[in-house]
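The following exercises examine one protein chain, from its overall build to single residues. Please study the sequence and the structure before working through each solution.

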Amino acid sequence: MTNHKTVTREMFDDVMVPNYAPGKIIPVRGEGSKLWDQDGNEFIDFAGGIAVNVLGHAHPALVDALKNQGEKLWHLSNVLANEPAIRLAQRLTDLTFAEKVFYANSGAEANEAALKLARRYAWEKFPAEKNNGIEKNEIIAFNNSFHGRTLFTVSVGGQAKYREGFEPVPGGISHVDFNDLDALAAKISDKTCAVIMEPIEGEGGIIPATQAFIEGVRALCDKHNALLIFDEVQTGVGRTGALYAYMNYGVTPDILTTAKALGGGFPIGAMLTTTEIAKSLVIGTHGSTYGGNPLACAVSEAVINIIANPEVLNGVKEKNKLFVDGLNTINEKYQIFDEVRSAGLLIGAALNEKWQGKAKDFLNAAQLEQVMVLVAGPSVVRFTPSLVIDNEEIKEGLARFERAVAKVVS
Ligand SMILES: *Cc1c(COP(=O)(O)O)cnc(C)c1O
């Protein structure tokens, strides 16, 4: 095949801000869980655009939704309402605890909305004169958590390196250890307006909250009239085998944020909450030009219509077993993992003592064997494939991954 490349990977380094280090190839086409690069090489995609492409690439229903809406109406702004946004909000509120929706364009923005709402709600509902003279504006988050890259969300996120050099950062935020209820109990008070957590820490290494912890956090929030925010940007939209991970735990938040998979590859985020809490965002208090964009909402509606089905969600649990069994079999041969942690198709293979800090080596080797994987921190190899990936593609991708492992350990 002749391919006169007018765009090359080298050009990236010439023209882009150097904050990313993308792989050596440039994919130009995707279908389902396969990708092809500029030279026509085929890759199996276990990365899924970082837990975004829940229906793989170029899913016909999403392509249709985008084309249909694309020929009708792209954008209005929130000066006018639009049908796809209203329909999607109806679906999201029918399917979850929530009664109200605010749209954003990313996970970080959904979290900005959640954190601002929590402050505003406390300011309105528990002003100092009604709260024993105490200002109620403190936010508690967890070490190792990730909530996005805006200044507020890196301040709330539990990874100090993402704040380094960007100070001064917003105040009134503190961090305690994840899955340590005593630490939260010691920190939380009537000054706390919100506790924010990922039900399963994603970027932090695929670390699930224990049942006792998540129940304990809910109880402490109730005791101190603090709102509980679940950041389900990574765990949401079927990823764990439930539409949202809170449903697996049977613990309901006051505010939930969702993005990544919500648009299946089209940028959209949303904050979900109750009518009572939503009241604090009265006209003019918050907004977004693109939030609720008809194209994004039309695609997202198609995503939700497919994912919110028992067959798809049960399929996620079955595929989990294929993945985890396959990874454990690889580990029996090569002894590289301490454990494989997972919830549905959010899978983290934690490298053992000998391979600490080497997750990127496995990612690079996998790419050479034509399978795309991710890392979650320096020592966890992460897999977040499409939720409808073929079982045959899982097997083939794991065979390629095994060849990569063999190369790294040799
Ligand atoms: C990815 C992620 C975010 C940030 O989402 P963006 O769309 O990149 O802003 C926030 N929270 C969690 C848990 C995430 O995984």
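## Exercise 1: The chain as a whole

In the protein chain, 70% of the contacts (heavy atoms within 4.5 Å) between residues at least 6 apart in sequence join residues at least 24 apart. The model is predicted, so local features need pLDDT of at least 70 and side-chain atom pairs count only at pLDDT 80 or more, while totals for chains, interfaces and linings use all residues. Residues are numbered from 1 along each chain as its sequence is written, and side-chain values use heavy atoms, with hydrogens and water left out.

Task: Describe the build and dimensions of the protein chain.

Solution. 
- Step 1. The protein chain contains 14 helices and 17 strands; these are DSSP runs numbered from the N terminus, helices being H or I of at least four residues and strands E of at least two.
- Step 2. Along the principal axes, the C-alpha atoms fill a box of roughly 70 × 55 × 45 Å.
- Step 3. The radius of gyration of the protein chain is 22 Å, which agrees with the value near 22 Å for a compact globule of 410 residues. This radius is taken over C-alpha atoms, and the globule rule is 2.2 Å times the number of residues to the power 0.38.
- Step 4. Of the 410 residues, 54% count as buried, where buried means under 20% relative accessible area, exposed over 50% and partly exposed in between (1.4 Å probe, protein chains only).

## Exercise 2: An open sheet and a hairpin

Task: State the order of the 4 strands in the open sheet, and identify its edge strands.

Solution. 
- Step 1. The order is β1-β2-β3-β15, with mixed pairing. Two strands pair if DSSP finds at least two bridges between them.
- Step 2. The edge strands, each pairing on one side only, are β1 (27-31) and β15 (371-372).
- Step 3. Strand β3 (residues 42-45) runs parallel to β15 and is joined to it by 2 bridges; Asp45 has Met372 as its bridge partner in β15.
- Step 4. Across β2 (34-37), β3 and β15 lies helix α14 (residues 391-409), at about 105° to β3. Axes are lines fitted to C-alpha atoms, for helices over the stretch in contact, and angles run from 0 to 180 degrees between N-to-C directions.

Task: Determine how β13 and β14 are arranged.

Solution. 
- Step 1. Strands β13 (residues 337-343) and β14 (residues 346-351) pair in the antiparallel sense over 6 bridges, and Ser342 stands opposite Ile347 in β14.
- Step 2. The two strands form a hairpin with 2 residues between them, and Gly344 in the turn has a positive phi of about 60°.

## Exercise 3: Individual residues

Task: Is Lys260 buried or partly exposed?

Solution. 
- Step 1. Lys260 is in the loop between β11 (255-258) and β12 (269-273).
- Step 2. Lys260 counts as partly exposed because its relative accessibility is 22%.
- Step 3. Not counting residues up to four places away in sequence, Lys260 touches Ile50, Ala51, Val52, Glu203, Val233, Gln234 and Ile268.
- Step 4. An unreviewed UniProt entry lists Lys260 for "modified residue: N6-(pyridoxal phosphate)lysine". UniProt positions are given in the numbering used here, feature names are shortened, and annotations may be inferred rather than shown by experiment.

Solution. 
- Step 1. Pro84 lies in helix α4 (residues 83-95) and is buried, with a relative accessible area of 5%.
- Step 2. Glu301 belongs to helix α11 (residues 294-307) and counts as buried at 14% relative accessibility.
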